[in-house]
Amino acid sequence: MSDLLVARGITKHFGGVQALRDVTVTLTRGEIHGLVGENGAGKSTLGKIIAGFFPPDAGVISIDGQEVRFRSTRDALLQGRITIVGQERAVIPQLSVLENVFLGREEGTAGMLRSGSLSARYADLIRRTGFSLSADARVGGLRVSEQLQVEILRALVRDAQLIIMDEVTAALTADEASRLFDVVRSLKAEGRAVLYITHFLKEVIDLSDVISVLRDGSLVRTGPASAETPASLVASMVGRTVELSFPEKRFPPADAPVLLSVRGLCQRNVVDVSLDVRAGEIVGLAGLIGSGRSEVARAVFGADRRSAGMVTVDGREVEIRRPREAINAGIALLPESRKEQGLLMRQSITQNVSLVHLREFAAATFVRPKHERAAVERSIQNVDVRAPSVATLVENLSGGNQQKVLFAKWLFRPPRVLIADEPTRGVDVGAKHAIYELIARLAGEGMGVLLISSELEEILGLAHRILVMRLGRIVAEFDGETATDDLIMRAAFAADQEARHDGDAAMGVGSIS
Amino acid sequence: MNAIDVTGTPRWWRALGLNRARLSLAREYAIVITFVALFATLSLTSAPFFTRTNLLNVLDQSCAFGIIAAGETVVFISGGFDLSVGAVFGLAGVVAAMLEPHLGPAAALAVGLLTGLGAGIVNGILVTVGRINSFMATIGSGFVLGGFALVLTKGYLITVTNPSYAILGRNKLFSVSYGTWSWLLFSALLTVLLKATMLGRYVFASGGNELAARLSGLRVNLIRTAAFGISGLAAAFGGIILSSRVQTGQADSGTGIELTIIAAVVIGGTSIFGGQGAIWRTVLGVLLLTLIGNGFNLLNVNPIYQQIIQGLIILFAVGLDAWSRRTS
């Protein structure tokens, strides 16, 4: 094993923000190097500097002892054989898997494409990685996890010696993630170096050989992964010992009234779903991505038209054809993607928080700014948004604070039932903890909560009762006290095995349980 | 607040001392700086420029465009485009001129105005319920409406003989033309609508993030249709002012003006991506374009260069908008 790349003394400013401060890392052939830190600690910035997105303000990068300067990602690929698989998918949706994988590496004679040899090479790649992607599938129609596989295949085609993976498992199911890890290990076995950036601590400990921890742009330490535990990593990330625990579960009394009752809900990707949420109860909705969890939430909320089903709120049947009717009935939906579905990124906190209930501060259609401001300020204090003022634009807040603004918006007038779809996606450890406390508090005050999450820990840690979905149906129900991740995963994956009757079921899936 | 700009700042920006925050600021105030600079230059270099007569003339020349552009601004903020304003402009004048002998001037002009409102609402329905891209929907409806005006007039000019038809376009109050007053009033009205009312907030929300607005319980289709209705009304308002001034209705009188209108909105700094913008910006954008023409005349510069300058200003304005919002 030899050192492939050394980044020494890397420093980077963005405007007034110091993103990286004198960071030194060494990436070695045949080694998986984990990189962890809170949001904003500088992980992605370091990855992007090494990948040639932008140059450091100070510091040098050398490959095999030779100092290099990348002017672009293309430079990094050609000179340094470095490629990055980032948080956002860099694929061309209109093209096929094959075309995307070999993009820029097409083989041809006199400018005419020859597809035959590519097909053979593609088949070889598929054998090596164990992915099950059809070469002809249009990439735009694939799931995020499959698009990610396309990007990894592309990195392999380009024979990258260093592959940087930035938060790639966030959108993957446990099964898909475990297959990805097999691929990462095979990259290592081939003598390549991997820089693996993630929020998932157990994952990084299992996978990596060495782990570097960043805090506020500085390197805290680099050490062997075997010496770390999630608690030790968290402690050094935040500089103090944060409890990774959840607030104590307070189960609702047995006679607590049912607040939300759904019967026979059908919609595209949802088959005959019935569920109840009682006052003070947190019901977890678990399942793989694509199992229909978000679709249930959207159909109940009136965001998508449902083909059948009845919704009862507080004992009264309500007709919900559009979100406004759900809001009036006392339901709130915190959508899964705050940027795409939740917030007006370029508008102020005030404009976001008051939007749903604007009517309440309006007199004869005129918004009364003082009333509005006062109410918004109360509302964001309630969920502890940290911002200079309520006039601050949402895009200038950290992910955690943005998510809290979303909570403030939907709790502005507390609903009877809160449906929270992935409430902690893309927020740092501290904010996660605050959101858990908030959800538990709301339930404690008598709100019914339907919690959708891909993070099993979260469901297990918060929910009083857990429903598991697969292929659009609710297939299992567990008590929040006795459920285990193993039980839930088995329920969620049983369907996956049935679904893959196309011959590749044997691959990968068996390794889950 | 941490490391928002992970994409960083391109090297050539930094060479010019730029970063994203500064670009945002530049985008905010470029129109004010440009306008003040041009105004000062013209005041210093041309004696006839900074005179009461010339300035009032500049305002009067701008008023029809100013009104249409104010309406267009509302559509921009709601996340759409309205390319039918030229056709509506012509159609409204034709309708008013043709009805004048039957209804009298006031009612005829009012019907012209309502024609525009109706056309705008139809545009809104095409875009929302019909799910047609607003760019294409309004090009299509523009052709239809323009053709309709041609059918009505059979291609002739419709002349109005009743002199009281010309009051709106020619009379003055305190030596300021009715047209200019109309522009001022209409702009003030739309400013209040956008800034202080619920509908205004909803327009910003619908343009800023349509999905989020919908999930927040807003009736986005109604809101966007209202925005198109306002734009149609504004285009017709401009059309009847012109028709009144020249006492004719002419089907193709507005052909091509939609591009100038959109240019004025964009130069003012209202975003073509929706969710951001203001009426005062468009007022300055319209005045800037008129001043360039006015200044070139006063300074005896070949008007051929006028077009080049206007084009460069448009590119600069749109570029600032795009660069300032480049994020990861």
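User: Happy to start at a strand end: which residue in β17(A) is the bridge partner of V313(A)?

Analyst: Keep in mind that this is a predicted model. Strand β16(A) covers residues 308–313, and three bridges tie it to β17(A) in an antiparallel arrangement. In β17(A), V313(A) finds its bridge partner in R316(A).

User: Which strands stand at the edges of that open sheet?

Analyst: The sheet has four strands in the order β14-β13-β16-β17 of chain A, with antiparallel pairing. An edge strand has a single partner, so one of its sides is left without a neighbour in the sheet. That describes β14 and β17 of chain A.

User: What angle does the direction of helix α9(A) make with that of β13(A)?

Analyst: Helix α9(A), residues 293–301, packs on the sheet and touches β13, β14 and β16 of chain A. Its direction relative to that of β13(A) comes to about 110°.

User: And which turn residue between β13(A) and β14(A) has a positive phi?

Analyst: Those two strands run antiparallel and share six bridges, one pairing being V258(A) with R278(A). They form a hairpin with two residues between them. The turn residue with a positive phi, about 70°, is N269(A).

User: Why are the buried residues of α2(A) on the same side of the helix?

Analyst: The residues concerned are A76(A), L77(A) and G80(A). In general, an α-helix has 3.6 residues a turn, so residues three or four places apart point the same way. The buried residues of α2(A) pack against β4, β5 and β6 of chain A. They share one side because the arc they cover around the axis is only 110°.

Conventions. Residues are numbered from 1 along each chain as its sequence is written. Chains are lettered from A and ligands numbered from 1 in the order in which they are written. This is a predicted model: local features need pLDDT of at least 70, side-chain atom pairs count only at pLDDT 80 or more; totals for chains, interfaces and linings use all residues. Two strands pair if DSSP finds at least two bridges between them. A residue is buried if 20 or more other C-beta atoms lie within 10 Å of its own, exposed if 12 or fewer, and partly exposed in between; C-beta atoms are placed from the backbone. The arc is that of the directions from the helix axis to the C-beta atoms. Two residues are in contact if their C-beta atoms, placed from the backbone, lie within 7 Å. Axes are lines fitted to C-alpha atoms, for helices over the stretch in contact, and angles run from 0 to 180 degrees between N-to-C directions.
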